[in-house]
Structures are given as structure tokens and as C-alpha cells.
Amino acid sequence: MRQTIPLFITFFIGILLIIAVFIPPFGELGETFTLFFDIMAVFAFFLGGGNLLRVHINKLRNKKPDWPYSIVTLSGFGLMLAAGLFKINNPGDIAAAVDTAGSLFYFMFHAAMVPLGSTMYSLLAFFVASASYRAFRAKNREATLLLIAAFIILLGRTPFGMYISGWIPDEVSLFQIPNLAVWIMNSPNLAGQRAIMIGIGLGVISMSLRLILGIERSYLGGDK
Amino acid sequence: MENLGVIISLIIIFGGLAWLFWRSVQGREVERRIIFVFIFVAVAAPILFPITFEEKATPVVKSLFDKIESLPEKSKVLISFDYDPAMQPEVQPMANALSRHCLEKGHTVVFMCLWATGQSLLTATLESVIKPEFPELVDGTDYISVGYKAGNEGVLNVIVSDFIRMFPTDINGTPLDSTVIFQDIKSCADFDLILAVGGGRPGPKEWVLFVGDPAKVPIGVGVAAVVAPQLYPYYPRQVVGILGGVKGAAEYETELAAAHPRFDEVDKPGLRMMGPQTLAHMVIMAFIVIGNIAMFRARRKAE
Amino acid sequence: MSYHSRRCLRSLPTITAIVSCLLLALPFYASGQEPVTDSVPADTAVVIEAAPPTTVLSSDHKYDDGDQINLSWVPSIDETLKDSKVIGYKIYRAEDGGEFELLAEIPDVDTTNAYADQEVEHGHKYAYYVASVTETGEYASLETMPLEPEREWLDLNKAYLFIMALIISGAVIIYVETAKRGKELFVRKIAGLEAIDDAVGRATEMGRPVLFIPGIHDMDDVQTLAALTILGRVARTIADYDTKIFMPVSRSLVMTAARETIKSSYQAAGRPDAYNDDMVNYVTDEQFGYVAAVDGIMVREKPATVFLLGAFFAESLILAETGNSVGAIQIAGTARPAQLPFFIAACDFTLIGEELFAASAYLSGEPRQLGSLKGQDVGKAIAMVVIIGGVATATLAGAWQMGFAESIHGWLMEVFSTN
């Protein structure tokens, strides 16, 4: 019973939504079920938030390692929640947009969250360099091709590409580095991307059919 | 002073790289933390001592620019801010440039977002770019912001046929069907151009699949550089132009300033960031060479 | 009756006709003349500034739920004049024989002569007229006949899509049935999946935990479901080996599903008491907040094995490089093409796109699941044939103007375009 009901729901809704694509009167079902999912996901926020609170309060109470950071987590959680719910310092009233310019929420978002997110994203610059140093080695033929392509793209994305290869006549302008970089993106890269996308599409069909028909059940918890 | 700073920075970087090159000839690998230091200097130096390069628009950028230029005045354009603070440095410059261009050409612009975090970034564009630079324009008549709606592709599925059903009011609570702009906009098919700025999901690809193709509306995209290759399959049929990463933003800002000289004096963050990007690329290429030399030397020693 | 009278009677029809023509012609005659008397005041004269649009046609939009009627018209002939006074058009609609009300305005000329009315309902009849608009007035066309939009139960525009879906789904089902009957199906080795047991064993030997990251998307993404199906297999091995597992997640629904999956795996391994809810904990929905938390776990706990399976975005390289820096063996898999290069550069094994979806079938070895992989291959074969055929016909049509190649190419474009 524990698995039968979810499997039945999966089968019924899955078949219905596939049919809805081809039957116009059912065309809005897809949007309706998407809204249902969003409503469920919103309720699930309470589960996740509750779990977060429980874990960190537990850490504080039992003085587990690194417990002071839990104070930071809980303070940030509470402050942001209060600022958004009670519209603290919001120029509008309680029904105003949560991030109206001038509100505490807007200030914390732009003063804390935006710089923190940008900082984490900027780590990519360092990791790209270390990954490139480690990965772009001419160990074999394919790796050498990859290395050459990477070089051309790296140069092509900077003004130096044109400075170095601008002397190449217009008749063979394809070999100017920026144009070569664009050609690599538009031809070999595009072919590979499309092939991967076709494979992914077919994989999604196969996986979805297994889920709808109940062949694949382990995500429900157990094989039985 | 700035030129001196640039020269000193370049001497430090290239001198250090020469030293590492000599070490690689001896077959010695470079430690990860040294690579991080070099990247830090390569990115920080052009920010502290600005280096800018001239940019020329590539065809994929130029085609989007030309599309907006060629639209008749009062065309209806939808701009969607689908990104978060992490992508902001890369994508916000192009969002600002596209917004400026559309409003300068007299188009009617509707702003929206599919990401919750996009709403604050959209507000930032409204407050820091649109209101100061276009004080004569009226919110609700010349442009309007409808804000964020949860639902990802579900939102697109609805607005492709009924925009007001998903967004009954703008961010100030004004019913959309009482605004001048939405008198003749019922669905996405009524827009002359949709600009999707972002890079994740939902993002430009979802706009093409769920709105651009079904409603036959041209889509222009501004995306983080890493996402741009995914959109080339759609260019030029479904996607009229692609701004990819900081370079795309820099190229667009250059074109915009050339065609509309009043934007020559505004801050061009895309162009500004090309200095660090260029130097960082050079450093990465140098490390790739150094790494390969170290590998070959070590292999020969082992033999 | 006298001769004179008879002559008058015979002439009566003629006289009547002549008088009628004169009476009918009088207005036309009078309009071009100076008023004979002052009995018609000059300020009540009607001035017609523009001709109305003509040939207003309403038609049912095909293959819908009866919720759209398409209108078209021939613009006012005055638009072709140099001093045209037409500044736009207005569309009026009457429902079920009621009053005509303004439906839409076309505020410009030369923009469109068509309109899609999507505010209609099946079961009601609608009539329209279109008026050309000048500064001073409107000039209405004839009304259309009342039309009831029809509800179609099949969208024949998607007939080809339906057939393709049937072929591929049918192939999957046929191969599943074939496999159930005991036929051996060949599936090539996937290195990343073969390494899972060894990777978990490595963690056990080193006394370090396993870290499982199911991506940053919710349960509505099929990649997350694929990751959870692999989690079931991995958790079974972990339960058998009594290894520790950490699973920070960024979505609450994924947290509940993952807990169920791991709990069942521990129960199946006969070790339900070893399961603990804290193995899976929710961190945050915010992308880089989640990345910061996971990086912290990697640096503090130093997992020996890291699984990065599911939907990833910009954080993929940050996670992979951090895992590499702590010396973990990493098995990654995603269906996001943009992130695959990062995983390939930084991880030991990478499941590329469809290999992620094939993983659960591959690991289970169950015939029915393996059958679905073979069915997928039929779709790939069709794709390859169509690509080669399309390229060949496009080349023949473009380079040598071969008519038959052009027809085949056109047909392929029609079949495989999504509408």
C-alpha cells in the first residue's frame, strides 16, 4: 500500500499529462499540475526550515564542534525572516513588495547576500585556473586537440587574438583567431552539444517511462 | 600613477611566470596555491589600475543590437531578469545595456523575472539606471515591472497564451488591465521581442522552448559565458542574438555608445571587466604551457 | 375605353419606371448640386473621411479547446492614398446576438490585418465587425456571420510528434517485454558505474565518510530522480560496509525522499538501527550558500568518496575542485551539457548525460530496466538516420537543386519541427 498509492498516482498523472499534450481540452492540465507542485514545494519549505533550525539548535545545545557558526546561521535566518514578514523599514505598508527599495530586506539583500553570492561565484576564477593547469595536458591525441581548442578559445575571447592574427588576409579570415574561436563554437562544439542533447532527451524519455510504468521504484524507498 | 601601477603589475606577473617556466623545465610541478596567487594579481591589478581594450561586436552580438535598432518606435519588448546575485557581475551589465537601448529607442518595455532573486536585481536596474537616465519616462505608460512569479516553466506555459492570468498586477499592485501598456498585450505573442537575461534554469533556453517557438516571437538572450554554447543551436532562427558573458556585455556597451553617444559617458562595467578577464586568460594560458612542459620533462626524466 | 385612354394605360409601366428612376437618382443628382432651397441646413451634411475595411472573415482556430477565433480583414482602401486619414482600426464583437462591444484596438496602420480573439468560449456564438478609425469618426465594415468556436479533441498539428513518441515509447516497451522473456541484452561498460563499489570500499578502508550531492534542483527534475535511484544502490553498499554517509541537500522535498531511500536501503541490508535521519540534512535553497556549506563539509570531514550526481550549475567546478583538493575520488554525472566539461576536467569518473539516466538500470541489472536502455537506442538510430538523410538532402538540394531532394528535405523539416 505504501508504494502502491504513489505508483498509481505517478502512472495516472504521467499518462494524463502525456495525453494532455495531444488533446486540446486537456491542454491546461500541465500548468495546473505545475501550480500544484509549487504549492507542495512551498509547504515543504516549512519542513526544510524546521530541519535547519533543529540541526543548529541541537548543535548549540550540545556544544558540538563549530557551534558558534550555528549562532550566525540562526541569527541570519531569523533576521531575514522577520525583515521580510514584518516589512521592517519598508516604505510601503504590510502588503508592499518585500524588497521595496529602502526596506531592511532590500538593504540586507544588497549589502550581504549579493556580495556573498558574487564572492562564491568568483572562486570559479581560481578553480578554473587550477583545473586548467591540471587537466589540459597533451597526454594523447584527443587531449592535444582539446588543448589546442582551449588555447584558441582563450585567445579569441580577448583582444590579443585579433592583435596576433589581424594580419591574416580577409580572404582567409576564418583563420583569424576570434573567427576561428567562433567557428569552433559554431561547428565542432555545436555538433557535440546537439549530440549530447539528443542523447539526454532520449534518456529522459526512457527514464520517465520507467518511472511512469513503475519499473523504476527505488526513489520511493526500497525495491518492493 | 595608474600607468606605473600597470607596469609594475605586469612585471610581477610575467616575471613570476618566467620563474615558474624555468622551474617547469626542471620538471617541477606548480602548487595550486601559487596558481591562486597569480590569478589574484592578474584580476586585481587591472581593477586597481584600469586597463581597457577596444572591443568590436561579433556577429552574434551585432545581430541582437541591429534587431533592437530596427524595431519601430513603441514596439513592445519584454525583458526577463532570470539570474541571482552570483551571476550579477557577469549579467547585470548586459541587462542594463539592453534596458537602456530599448528605452532610448522609444520601445515600451515590460520587466519581469522567473527567479525570486531576480526581483531585487530588477529593482536595482530600475532605481540605478532607468529612473536616473530616463526621468521623462512614466512607470505604467512607457515601462512597467510585473515582478517575480514562482513556477518556473509553468509561468511560461501560462503567459504564452494569457499574460494577465499569471501577472494580474504590477509590483505596486496596480491591475495590469488598467494600465496603458497592457491595453493591447494579452499574451507573449503580442510582444515584438523578448530579451531573456540569465543563465540557469529557468532561463533563456526555456524561453526559446516554451515561448519563442510556440508563439513565434523572436528571442534575444544575454547569458553567462558558460551557458552561451548551449544557445548556439538556436541561433539565428529562434534566437536573434546572443550576448555571452563579460565579452558580450563589453561588445554591446561599445556598440551602444557608438550608436547613441549619450551613453558614452555612462559607466561600462562590461568593458571595464575585460581588462581582468584578458589578463586572467593570459595567465591561465601560461600555466597550461608550464604544466605541459613540466609533464614532458618529468616523463623524459622517468624514461 | 377610348383610344386615348388605352394609349395612356399601355404607357403606364414606362411612365412609372421613368418616374422611379428619377426619384432614385435624385439624391445623387442633388448631392452634387447647390441646394435648391434652404430647407436642408449645410451643417447636417455627412462627410465620409475613409472607407471601412472589407472582406472581414472570422474563422475557428484549428485544434484548440474552442477558445480562439481568428479574424482577418482587407484594410481600408484609403490606406493606399497619400493623404489617408485612417489612423487605426477597432474590432467589435457581439456574443450570442447581444450588443456589439469594443474588443480591441489596432492603434496603427500597416501593422496587421489579423487578430486572434482568445476570449471566446466553446458553446457561444460570436459576430464581429471591424471599423477604420479617423480623427473624427469610425467607419464600420459589414458584420460577420455568428460563429461558434469548435472544440477539437485531437491536435493534428502534433500528429508527427505523436507518431515519434509512439515509436520510441513502443520500442522501449517492446524491449522491456523481450528482456522479461529472458533474452540477453548487451549494454556496454560504463566506467563510472563500475567504480561505485570500489569507491565506497575505499572510503570504508580509509575510515572516511562518503559524501553524496544530489544536485541543486527539486524533485520535479528528472536528474534529481535519477540521482536518488543511484542513491538507493549506493546506500545499500554503504549499509553493507558500515560506512558513514553525509548528504546535504538544497531542497526540502529532496530531503524527505532521500531519507526514505536511505532508510529502506538500510532496512534491506538488515541494519535498520544503523540509520539516522541526520545523514540527510537540509542546508539552503540558495545556490552559493549551499555550495559554501558543502565545501565546508568537504574540508572538515575530508570524505574519501564524493558523488556529484544530478542537476548542477555554476557551482559544479567549485565542488569538484574542492573535492579534488581533499584527495577524494569523485564520480560525477549530470545532464547539463554546460557543466560536463568541468566535471570531466576535475573528477575521476563522469557520467555524461544519458549515462546518468541509464545508471539505475545498469546498476540493478534487472532485465526490464536494461530493456528500456535498448529501446532508447532505437531512438538514437532514428536520430542518426534522419540527421544523415537531412544533411544529404539539404546538400543535394542546395548544391545541385535536385527537386526530389528538396521535397524530402522539406518533409523532414515539417516532421521534425516542433509546433
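This is a predicted model: local features need pLDDT of at least 70, side-chain atom pairs count only at pLDDT 80 or more; totals for chains, interfaces and linings use all residues.
Figure 1. The secondary structure of chain C consists of twelve helices and 13 strands. The chain holds 419 residues, and buried residues account for 41% of them. When contacts in chain C between residues at least 6 apart in sequence are considered, 67% join residues at least 24 apart.

**Figure 2. The open sheet of six strands in chain C.** In this sheet of chain C the strands are arranged in the order β10-β9-β8-β11-β12-β13, and their pairing is parallel. The edges are formed by β10 (280-282) and β13 (349-352) of chain C; each has a single partner strand, so one side of each is left without a neighbour in the sheet. From one strand to the next, the twist averages 15°.

**Figure 3. The pairing of strands β9 and β10 of chain C.** Strand β9 of chain C comprises residues 245-249. Three bridges join β9 to β10(C), and the two strands run parallel. Within this pairing, C:Pro248 has C:Asn281 in β10(C) as its bridge partner. Strand β10 (280-282) of chain C is also one of the strands that stand at the edges of the sheet.

**Figure 4. The crossing of helices α5 and α10 of chain C.** Helix α5 of chain C spans residues 222-241, and helix α10 of chain C spans residues 354-364. Their axes come within 8 Å and cross at roughly 30°. Angles under 35 degrees count as roughly parallel, and α5(C) and α10(C) are therefore described as roughly parallel to each other. The crossing in which α5(C) passes α10(C) is left-handed.

**Figure 5. The residues that join α5(C) and α10(C).** From α5(C), the residues in this contact are C:Gln223, C:Ala226, C:Thr229, C:Ile230 and C:Arg233. They meet C:Leu356, C:Phe357, C:Ala359, C:Ser360 and C:Leu363 in α10(C). The residues of the contact divide into six nonpolar, three polar and one charged.

**Figure 6. The side of chain C that touches chain B.** Here, eleven residues of chain C are in contact with twelve residues of chain B. On the side of chain C, the elements that give two or more residues are β4 (101-106) and α7 (287-301). By residue type, the side of chain C that touches chain B divides into six nonpolar, four polar and one charged.

Note on methods. Residues are numbered from 1 along each chain as its sequence is written. Chains are lettered from A and ligands numbered from 1 in the order in which they are written. Helices (H or I, at least four residues) and strands (E, at least two) are DSSP runs, numbered from the N terminus. A residue is buried if 20 or more other C-beta atoms lie within 10 Å of its own, exposed if 12 or fewer, and partly exposed in between; C-beta atoms are placed from the backbone. Two residues are in contact if their C-beta atoms, placed from the backbone, lie within 7 Å. Axes are lines fitted to C-alpha atoms, for helices over the stretch in contact, and angles run from 0 to 180 degrees between N-to-C directions. Angles under 35 degrees count as roughly parallel, over 145 as roughly antiparallel, 65 to 115 as roughly perpendicular and the rest as oblique. A crossing is left-handed if the near helix is turned anticlockwise from the far one by less than a right angle, and right-handed if clockwise. Ala, Val, Leu, Ile, Met, Phe, Trp, Tyr, Cys and Pro count as nonpolar, Asp, Glu, Lys and Arg as charged, and the others, Gly among them, as polar. Two strands pair if DSSP finds at least two bridges between them.
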